[in-house]
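Good morning, colleagues. Please turn to the sequence and the structure on the screen.

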Amino acid sequence: MNPINTKLALTSWFFHSYHQEPVTVVADQSERQFQIRAATSADLYSVAQIITESFHSQNGFWGWAFPLIRLGIYEDLKQRLASPLPHHVCLVAIDTTKGVNNLVGTVELAVRFSDAWTQTGKSFPYLSNLAVSPQYRRHGVASSLLTNCEKVCQEWGFQDLYLHVLERNHQARQLYLKLGYQVHKVESHWNLFFPKYSSQILLHKHLKNNFML
């Protein structure tokens, strides 16, 4: 993959020190250490791969489209990282156990400017593309990424965070509920035209002042 100019020099805030803090978790009777940091251009392919394999199957009838979907996600990520937006960050989790340095998870956080969900007429932080490599799930990676997003959200000056989850994604819903997210709205209009598709649930969490400096 050719080097990509993502104009990260224009956004020095992107590499604030809190993104570099190591996170140690215990899973499967073994201790693993992860580093949560902001994504760089060198991470783009790995991030696109993790997102694609988390939300799209490589098997079955649509398996042939997997590389095309991954390329589309890659190009979208490239564009977002290159844009000097004041409130956007893509975080990645790196397995640093015994010097492995594998990228194993990712999440994006951005501020949206629509009142369709919140009905407040104000901007609000929205979390998306939370994805973890299959072999690293249930190791605390997703929780660590979400915790860091909450920290970033508060440093931006916000106290509320929103995200969508599919109704049928019970594992993800359990994680969010465990971390304090609550149902804000169930969006079932998809089912009127695509009965086999799961409804989307908009979740909301009001952040406490735990991370304020």
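This is a predicted model: local features need pLDDT of at least 70, side-chain atom pairs count only at pLDDT 80 or more; totals for chains, interfaces and linings use all residues.

Residues are numbered from 1 along each chain as its sequence is written, and side-chain values use heavy atoms, with hydrogens and water left out.

Let me begin with the rings. Rings of Phe, Tyr and Trp (its six-membered ring) pair if their centres lie within 6.5 Å; planes under 30 degrees apart are stacked, over 60 edge-to-face, and the rest tilted. The count by this rule is three aromatic pairs. One of them joins Phe 124 and Tyr 162, edge-to-face, at 5.3 Å centre to centre with 75° between the planes. This pair links distant parts of the chain, 38 residues apart: Phe 124 lies in strand β5 (residues 124-132) and Tyr 162 in strand β6 (residues 160-166). Strands here are DSSP runs (E, at least two residues), numbered from the N terminus.

Both Phe 124 and Tyr 162 are buried, where buried means under 20% relative accessible area, exposed over 50%, and partly exposed in between (1.4 Å probe, protein chains only).

Why is the pair of Tyr 176 and Tyr 181 edge-to-face? Their ring centres are 5.7 Å apart and their planes stand at 70°, so the pair is edge-to-face. Tyr 176 and Tyr 181 are also buried.

Finally, Leu 166 is in strand β6 and counts as partly exposed because its relative accessibility is 29%.

Notes
Helices (H or I, at least four residues) and strands (E, at least two) are DSSP runs, numbered from the N terminus.
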